[in-house]
Amino acid sequence: MNTYQTLLVGTLLSSALLFSATSHAIELPQLQQRWAEIKYQQTGKQQESAYQALLTEASAARAEHANDANYLIWEGIIRSTYAGAVGGLSALSEVKAARKLFEQAIELDANALDGSAYTSLGSLYYQVPGWPVGFGSDKKAREYLLKGLAVNPNGIDANYFYGDFLLQQKDYQAAIAAFEKALAAPDRPGREQADLGRRQEIMQALSLAQQKAK
């Protein structure tokens, strides 16, 4: 190997090492912000493609933070939301993967992100079809949603998903109370777009519950 080749190889190796040292997976606030943008600003095939790209980043972030329940939860949230956007039987593998991530997060730290793993797991159980198609269970949904509320009784998501579950159970007055509590939840710093989008969903669900209760 001549001098030029030696210098070239050395430069390439140095560049690779520098990139390895400075390249990091996306951090949690960026995952949360990007998820809110995709969920509340995009639709159709564009939304599906954006979720797929974000899932790649979420998986890399979770791998980099292997013992951090927060990253397990957020990969699970992105997978389950992506499954909802795709719909149909093709989404079942994603919700199964999300369920496993939430269960792992609970084992690591059940109180992480104010009990979001409980709430997210509960929401899966009432939205996924039951046996033999899926693993849905109203009994387990109620159990996990109540656990989420026990950790974060005033949280916007904990109350929204419990209200949505009650709405599906036709317990309209209880659903109305949960939605009203969700609307009264305090703002979350750095989650402004998510809070805005969620409150719009809550108001729509509250209106429906009020109509059904008449």
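What follows is a short walk through some of the salt bridges.

This is a predicted model, in which local features need pLDDT of at least 70 and side-chain atom pairs count only at pLDDT 80 or more, while totals for chains, interfaces and linings use all residues. Residues are numbered from 1 along each chain as its sequence is written, and side-chain values use heavy atoms, with hydrogens and water left out.

Side chains of opposite charge can pair when their charged atoms come close. Here, a salt bridge is a side-chain nitrogen of Lys or Arg within 4 Å of a carboxyl oxygen of Asp or Glu. How many salt bridges does a search of the whole structure find? Twelve.

Start with Arg 34 and Glu 37, whose closest N and O atoms are 3.2 Å apart in a salt bridge. The two are three residues apart in helix H2 (residues 28-41), so about one helical turn separates them. Helices are DSSP runs of H or I, at least four residues, numbered from the N terminus.

Next, Arg 79 and Glu 94 form a salt bridge at 2.7 Å, N to O. This pair links distant parts of the chain, with Arg 79 in helix H4 and Glu 94 in helix H5 (residues 92-109), 15 residues apart. Are Arg 79 and Glu 94 buried or exposed? Both are buried, meaning under 20% relative accessible area, where exposed is over 50% and partly exposed is in between (1.4 Å probe, protein chains only).

Last, Arg 198 bridges to Asp 157 at 2.8 Å between the closest N and O atoms. Arg 198 is in helix H10 (residues 192-213) and Asp 157 in helix H8 (residues 156-168), so the pair ties together parts 41 residues apart in sequence. Both belong to a network of salt bridges that also includes Lys 39 and Glu 201.
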